[in-house]
Amino acid sequence: MRSEQEVTRAIEQYSDMVRRLCMIHLKNYADTEDIFQTVFLKYVLSSAAFENEEHEKAWFIRVAINACKDLLRNFFHSHVTSLDEIWEHSTEMQEDHREVLEAVLSLPQKYREVVYLHYYEGCTAPEISQILGKKVNTIYTLLTRSRQMLREKLGGEEYE
């Protein structure tokens, strides 16, 4: 079990990332908060030793994604939340940012994951490859395809 200082540091450092990642996958504020608690509870109870900060960050990303997938696979999780509910709980954002977020959220999950990790969390393709357990070239392909989809949805080159 981890010390209170370790847990406090981890929450301060990774809470925003975990919430954003969960919101991208779940599109529901209540489920996001449930998974957020689950992720940090797993951290508290985990005895995993991390090699460095990147390893710890990757652990949080992987645990959050897996917890989201588990919830989405859950038989009782059959309701769908509209994007309008996301806007109610998100912070104020400029209209063009909202349009980009809406476009990213409308991508299929495999593209959403790589776009989020690359553009929002600043992960490189090799890092994303390790986190998602896919080949590096697959990540490059997913990024290229997702950029093309976003370009079509947003109508042009201006969002690159």
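Me: Which hand does the crossing of α1 and α2 have?
Reply: This is a predicted model, in which local features need pLDDT of at least 70, side-chain atom pairs count only at pLDDT 80 or more, and totals for chains, interfaces and linings use all residues. Residues are numbered from 1 along each chain as its sequence is written, and side-chain values use heavy atoms, without hydrogens and water. A crossing is left-handed if the near helix is turned anticlockwise from the far one by less than a right angle, and right-handed if clockwise. The crossing of α1 and α2 is right-handed.

Me: How many nonpolar residues are in the contact of α1 with α2?
Reply: Contact means heavy atoms within 4.5 Å. Residues making it include Tyr14 and Val18 of α1 and Phe36 and Phe40 of α2. Ala, Val, Leu, Ile, Met, Phe, Trp, Tyr, Cys and Pro count as nonpolar, Asp, Glu, Lys and Arg as charged, and the others, Gly among them, as polar. Beside 2 polar and 5 charged residues, the number of nonpolar ones is 15.

Me: Is Tyr120 buried, partly exposed or exposed?
Reply: Buried means under 20% relative accessible area and exposed over 50%, with partly exposed in between (1.4 Å probe, protein chains only). Tyr120 has 36% relative accessibility, so this residue counts as partly exposed.

Me: What separates the C-alpha atoms of Tyr120 and Arg20?
Reply: Leaving aside neighbours within four places in sequence, Tyr120 is in contact with residues including Arg20. The two lie 100 residues apart along the chain, and their C-alpha atoms are separated by 9.0 Å.

Me: What is the average pLDDT of the chain?
Reply: The pLDDT is the predictor's confidence in each residue, from 0 to 100. At least 70 is scored by 83% of the residues, and the chain average is 84.

Terms used. Helices (H or I, at least four residues) and strands (E, at least two) are DSSP runs, numbered from the N terminus.
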